[in-house]
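This briefing covers domains, a helix pair, a sheet and a chain contact. Please look over the sequence and structure before reading the points below.

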Amino acid sequence: MSNETTIGPADPSGATAERLHIAGLHSPSDAVLSVRDLYVSFNSENGSVHAVRGVDFDLMPGKTLGIVGESGSGKSVTSLAIMGLLPSTAEISGSVRLKGQELLGLSDKAMCAYRGNDIAMVFQDPLSSLTPVYTVGAQITEALTIHNPGMSKPAKEARAVELLAMVGIPSPKNRLKAFPHEFSGGMRQRVMIAIAIANNPRVLIADEPTTALDVTIQAQVLEVLHTAQEETGAAVVMITHDLGVVAGIADDIMVMYAGKPVETGSVDDIYYNPRMPYTMGLLGAVPRVDVAEKSSLVPIDGIPPNLLHTPTGCSFAPRCPLVTDACLAGEPPLLPADGGAAHKAACIRSEELGGDVNVLEIFSAPPVPVSRFDAVPRGERSTVLELKDVRKHFPLTKGALLKRRIGTVKAVDGLSFDIREGECFSIVGESGSGKTTTLLEIMEFHKDQDGEVVIGGISNKQAVDAKAKGAMRREMQMVFQDPTGALDPRFTVYEVLSEPLQNAGMDKQAIRKRIMELMKLVGLQPDHVNRFPNQFSGGQRQRVGIARALAVNPKLVVLDEPVSALDVSVQAGVINLLDKLRAELGLSYLMVAHDLSVVRHISNRVAVMYLGKIVEIGEVDRVFGNPRHPYTRALLSAIPVPDPQFERTRERIILKGDLPSPLDAPKGCNFATRCPVFAALPAAKQEKCLTLEPPLEAVLPSPAVQALEAGPTAALDQQFACFFPDGELDEDMLVVHETADPHGP
Amino acid sequence: MLRYLAKRGITYVFMIFLTTSAGYFLAVSSLKPALLEQERIPRPTPEQVANSMRLKGLDPDLSPWERYVEWLTAIVTRWDWGRSPNGAFINAEFGERVWISTRLFLAAIILTLVIGVALGVYSAARQYKFQDRVITSYSYLAYIVPAPIAYFLVQLGAININETVGKRIFFVTGISTPGMAAGWAQFVDMLAHYAVPTIAITLVGWGSYQIAQRQYLLDNVNADFVRTARAKGLTRNQAISRHALRVSFIPVAQSIAFTIPAIFAGGFFAEKIFAWPGVGSWSIDAISLQDVNAATATLAYGSVIFAIGAILADFATTLVDPRVRVQ
């Protein structure tokens with residue numbers, strides 16, 4: 001191992017040219033993109049923010065590099081620096097070479113020859129990334145016009161149609177004249193990809209391309225990216241915070257922390273043999289949707305460092321459980337970790353971390369909490385929440401003065417379920433499936449609601465006065481998705497927590513005592529009660545939100561996407577906390593989440609919703625382990641798993657199209673329009689799906705199990721609504737990537 | 001689109017009818033021209049006054065409702081908006097005055113918009129640079145200074161120029177010199193009368209557009225779609241002018257349409273100071289002279305201008321923003 005790609009300690013200034021020479025500016029000649037010693041800093045009012053501190057990588061043609069890191073790790077800044085899209089106030093040093101041509105230091109104008117031509121980018125938020133006032137066709141042809149001024153108009157239009165067809169937009173010729181707002185989020189991201197690959201780029205940078213999308217749409221878009229890469233032969237830089245997303249598609253991974261790569265290597269090295277405690281922690285922090293066995297998640301304490309100050313030691317040291325004094329003496333360089341030169345880790349103790357080190361032990365993950373209710377059979381526990389045939393239909397009207405009803409949106413359509421003491425019940429489904437409306441209906445407490453909601457024995461039909469409503473409200477509290485938005489910025493934590501207690505009529509002394517208790521309960525320091533929400537990190541704010549919900553000792557806590565706004569490493573801590581509280585306090589949870597891995601980890605029972613109806617419901621391990629409804633199967637197969645080998649050989653169901661508008665909900669089975677089973681059915685059987693609505697039916701144990709149990713067998717805790725659960729899947733919707741050799745040495 | 005505009009048009013006709021009727025009732029029950037007549041010297045008898053009023057269709061003895069019916073019937077059947085207490089016909093006077101107002105404001109409005117929006121774009125492109133600071137500071141100053149004072153200042157400036165040159169270049173009041181022969185001299189005379197009020201109204205007016213356009217454009221300069229455009233290979237300035245500009249113009253287009261009626265109907269300061277006998281000064285005079293029909297007519301005119309402004313706003317928004325296009 002020479003000093004080829006060794007980075008010196010934090011010293012961006014000085015004889016850069018000389019150091020670059022030593023560092024081997026001349027990358028392997030076949031690399032299409034090589035980045036050396038990239039430093040980016042921004043001037044802020046408080047001083048220089050060192051956003052990127054020494055990034056090196058070589059990208060080979062046709063290969064995929066995954067850059068993984070949490071928010072603030074410098075991954076997006078790295079990509080924007082490569083594209084030359086950072087504001088002019090950013091100070092950039094180092095070298096970025098595209099096919100040997102230096103890009104750093106080029107003027108905006110000179111850079112334009114490369115941007116969109118040799119190197120293209122797909123951004124995170126498809127909803128805001130397209131200009132709202134131009135047609136999609138105009139925006140695609142613009143990319144062609146810029147780099148091919150001589151191209152004729154019909155040729156450009158033909159190419160635009162070809163591109164739209166490539167990214168899977170139906171009837172592309174007509175859609176050219178459509179405006180971005182006429183497309184769904186997933187479709188817009190396809191258009192973004194079409195624009196990016198318009199000129200057959202050599203390098204395609206995708207910055208969190210699927211973060212804003214639903215899982216089924218994410219699977220579609222990842223598939224489109226895969227096609228795009230195959231068609232153009234481009235090398236791809238995939239930036240993400242989700243270790244699952246890159247597991248299946250990346251050849252190499254670079255893990256970034258505090259602006260620096262802390263571990264690089266082939267995808268297998270990183271996932272199966274991580275040598276840096278941060279990588280290990282990250283991998284242990286994400287729950288897996290395909291694993292039934294329950295173990296606690298790896299929590300990484302603390303928060304990423306402030307990049308205003310260049311760290312003097314290892315930047316991860318303050319959060320690292322293995323920290324020693326040597327770690328604080330200078331930032332560790334990225335050095336080969338084990339044998340192979342390709343795998344490098346920036347940790348002085350990386351040698352000790354090989355083999356069979358238990359991550360859970362290193363990070364001292366808490367033991368799996370056991371609730372006193374776990375031993376009690378479900379049927380014997382009391383019910384804390386029950387919904388009976390709850391419906392919420394919104395009339396769709398037209399006309400200004402005289403309103404005509406032109407249709408009905410069945411946001412929630414006949415929902416029934418119950419939650420018992422001490423259990424976590426989750427509702428999953430795509431956006432638009434009615435999850436949030438369900439929560440709102442439960443919180444409504446109105447006697448004129450369609451359907452019955454029973455909370456702690458009090459029905460909404462009895463909720464006629466404020467007293468009954470107050471009693472119901474005390475039984476049930478809510479934790480919101482965005483912890484920042486849910487806390488009043490002008491309230492101290494003490495005020496936030498005392499408000500519900502005052503409402504409950506507690507005296508001052510008792511309130512003070514209870515608040516201290518709550519702070520300890522959620523893992524916050526009790527002496528921080530006088531701080532304002534903005535003095536806490538996202539994870540701590542969510543803990544405050546949880547404390548507020550628990551203040552009045554509710555039986556049921558409604559969790560609306562409780563961790564989706566948090567970074568992976570912080571998320572694990574909050575999930576562990578929720579798990580612990582459920583066990584210790586005997587709480588029940590009603591959770592709405594889009595992340596099925598989190599749902600599987602924390603829930604006992606789960607309901608899968610589609611267009612306002614439950615299509616499958618039951619014990620979480622049964623539903624996820626043996627899904628019967630085609631939609632559940634599709635949903636599960638769309639979740640990326642942080643396991644490269646599994647991902648590579650996995651057969652996926654890629655649903656066609658988006659969630660249909662609830663307005664044109666079909667007469668029979670809602671899911672028929674996208675169903676992979678329906679598509680493969682003979683016409684005679686299809687008729688049944690189209691005309692009859694499948695009822696929820698219980699799953700019976702398989703004959704083999706029935707024989708084993710040798711007695712009367714009860715139906716299992718799993719119900720689904722499908723006529724043909726064992727039907728063949730349509731082959732068009734099945735995708736397997738056969739990548740025998742995912743990457744070279 | 002045409003159907004949509006027609007629909008909006010009908011709605012506005014209805015609204016104009018409502019506001020005008022309400023305005024008439026308010027005027028007829030609070031304005032008493034007969035009382036003013038009583039103060040003449042020699043003092044007329046109440047019978048004489050009532051008689052003279054009755055002849056002009058302003059019978060003070062009828063109930064408001066009866067007068068309303070009479071007034072409305074005259075408009076609907078003969079398009080006759082009645083008479084003033086001094087005997088003048090509203091139709092004739094209005095016809096003359098509306099033309100004067102239009103002449104006074106049309107050029108000023110166009111200049112205000114073009115200069116305001118152009119300076120907004122110019123200053124946004126040079127955010128926090130010297131030019132931006134000068135232009136934007138000026139706009140805020142124009143915002144703060146009351147319009148009449150600004151008009152006076154421009155008037156004084158024009159008078160100064162006249163004095164320095166020693167020749168009358170600008171007329172600071174009036175619409176034209178009486179008794180001019182038609183031809184070149186009359187045209188020059190018209191320009192000399194136009195220049196001062198137009199410049200004054202424009203100088204005061206563009207500030208708000210400059211501030212709005214600058215702000216909306218800056219909001220969009222760092223928008224995601226501008227970044228996308230740059231990632232395609234456009235330079236920053238190209239991306240801004242092709243993508244951000246049009247999006248930022250959407251809210252400005254709306255505000256423009258709604259300020260047009262404000263300028264037209266609320267231009268009495270300008271009309272008074274520059275002595276242009278337009279609709280704005282008429283509306284104020286009508287109230288002080290207890291002139292029911294004139295006050296109502298100016299109110300109706302204001303509503304019509306407002307409706308036109310609102311339809312223009314819709315039209316402009318539809319033109320620049322495909323998201324609100326009706327299918």
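Two strands pair if DSSP finds at least two bridges between them. On that basis, 4 strands of chain A form an open sheet in the order E14-E13-E16-E17, with antiparallel pairing. The model is predicted.

**Sheet in chain A**

- The edge strands are E14 (404-420) and E17 (458-459) of chain A, each of which pairs on one side only.
- Strand E13 (residues 383-398) of chain A and strand E16 (residues 450-455) of chain A are joined by 5 bridges in the antiparallel sense.
- Glu386(A) has Val454(A) in E16(A) as its bridge partner.
- Helix H13 (residues 435-444) of chain A packs on the sheet and touches E13, E14 and E16 of chain A.
- The direction of H13 of chain A makes about 75° with that of E14(A).

**Helix pair H4 and H7 in chain A**

- Helix H4 (residues 136-147) of chain A and helix H7 (residues 185-196) of chain A have axes that come within 9 Å and cross at roughly 25°.
- Angles under 35 degrees count as roughly parallel, and H4(A) and H7(A) are therefore roughly parallel to each other.
- The crossing of H4(A) and H7(A) is right-handed.
- On the H4(A) side, Val136(A), Gln139(A), Ile140(A) and Ala143(A) take part, and they meet Val191(A), Ala194(A) and Ile195(A) in H7(A).
- By class, the contact of H4(A) with H7(A) has 6 nonpolar residues, 1 polar residue and no charged residues.

**Domains of chain A**

- Chain A is divided into domain 1 (16-250), domain 2 (260-362), domain 3 (378-622) and domain 4 (629-736).
- The centres of domain 1 and domain 3 of chain A, taken over C-alpha atoms, are separated by 39 Å.
- Contact between these domains of chain A involves 6 residues of domain 1 and 7 residues of domain 3.
- On the side of domain 1 of chain A that touches domain 3 of chain A, 1 residue is nonpolar, 3 are polar and 2 are charged.

**Contact between chains A and B**

- Chain B contributes 20 residues to the contact, and chain A contributes 25 residues.
- Helix H9 (224-232) and helix H10 (236-265) of chain B are the elements that give two or more residues to the side of chain B that touches chain A.
- H9(B) gives the most to that side of chain B, with 8 residues.
- The residues of chain B on the side that touches chain A divide into 8 nonpolar, 4 polar and 8 charged.

Terms used: Residues are numbered from 1 along each chain as its sequence is written. Chains are lettered from A and ligands numbered from 1 in the order in which they are written. This is a predicted model: local features need pLDDT of at least 70, side-chain atom pairs count only at pLDDT 80 or more; totals for chains, interfaces and linings use all residues. Axes are lines fitted to C-alpha atoms, for helices over the stretch in contact, and angles run from 0 to 180 degrees between N-to-C directions. Angles under 35 degrees count as roughly parallel, over 145 as roughly antiparallel, 65 to 115 as roughly perpendicular and the rest as oblique. A crossing is left-handed if the near helix is turned anticlockwise from the far one by less than a right angle, and right-handed if clockwise. Two residues are in contact if their C-beta atoms, placed from the backbone, lie within 7 Å. Ala, Val, Leu, Ile, Met, Phe, Trp, Tyr, Cys and Pro count as nonpolar, Asp, Glu, Lys and Arg as charged, and the others, Gly among them, as polar. Domain bounds come from an automatic or database domain assignment.
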